[in-house]
Amino acid sequence: MARISVVHDLQVNVLLLSSTVSVGDSASIAPISQSIAVQREVPAFLADEGDFARYPIFSRPAPQPIVKEKVRMSVINASPFIQVNGIRVLAISAASVLKIGFCGIVDAETRIKHFRQLISSDTDPEPPTTPKPAADAAVT
Amino acid sequence: MNYTVVNKGINVGDIKIIAIASSTVFLVGDTQIITASSLFDTPPEAITRGPLVPLEIGGGVTPAVAPI
């Protein structure tokens, strides 16, 4: 039923944070990643900061597409192969999957909560930096 | 609805990818169902100004009491 995937050359430099390179068939894959992304004006971070339980984005159900029409899909595999000469990947991260082969069901989900913390208390943002007037240049 | 797919020969040369991230799936092969969801929360309140404070620790909706 499924076709045969042929990849002649595969090169992956970095694989991190629960990512997977999978060769072969599988019934389903369901990668899930959750992140709290904190950006600070001064890069000072404690090791045990943050708690997923505090933010509802990590517990609320993800909206799913509503399928109203029944689709009867038939597939004719005129050629039994999917051929790729080479794959080069620099990095795979945060519960991602590189898979060669059949996979019945893919159910992927990512949730990211952002924080930006600035020291400056100005409510009005600074205007874009313009070339300094000649007076300033004369001072230096 | 009837939907017929005829898969003829697929021959791809070279694929170069910088990064696959955040529960992404890169698949060379057949599949039946793909559901990919992505939830981001970046509200205006996410930007705070003033002294830098660490994120609160501890579960629940009630704010954690700062240790004395």
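Guide: **The nonpolar core and the chain interface**

The largest nonpolar core has eleven residues in all: I87(A), V89(A), I92(A), V97(A), L98(A), F102(A), C103(A), V106(A), A108(A), I20(B) and V25(B). A nonpolar core is a set of buried Ala, Val, Leu, Ile, Met, Phe, Trp, Tyr and Cys residues joined through C-beta atoms within 7 Å. A residue is buried if 20 or more other C-beta atoms lie within 10 Å of its own, exposed if 12 or fewer, and partly exposed in between, with C-beta atoms placed from the backbone. This is a predicted model, in which local features need pLDDT of at least 70 and side-chain atom pairs count only at pLDDT 80 or more, while totals for chains, interfaces and linings use all residues. Residues are numbered from 1 along each chain as its sequence is written, and chains are lettered from A and ligands numbered from 1 in the order in which they are written.

β6, β7 and β8 of chain A each give two or more residues to this core; strands (E, at least two residues) and helices (H or I, at least four) are DSSP runs numbered from the N terminus. Contact requires C-beta atoms, placed from the backbone, within 7 Å.

Across the whole interface, 72 residues of chain A are in contact with 55 residues of chain B. On chain A, the strands that each supply at least two residues to the touching side include β1 (4-15), β6 (81-92) and β7 (97-100). The largest share of that side, 16 residues, comes from β8(A).

Strand pairing also links the chains. Two strands pair if DSSP finds at least two bridges between them. β7(A) and β3 (residues 25-28) of chain B run parallel and are joined by four bridges, with V28(B) as the bridge partner of I100(A). A further open sheet has three strands in the order β1(A)-β6(A)-β2(B), paired in parallel. β1 of chain A and β2 (10-20) of chain B stand at its edges, each with a single partner strand, so one side of each is left without a neighbour in the sheet. Within chain A, ten bridges join the parallel strands β1(A) and β6(A), and I4(A) has F81(A) as its bridge partner there.

Methods: Contact = placed C-beta atoms within 7 Å.
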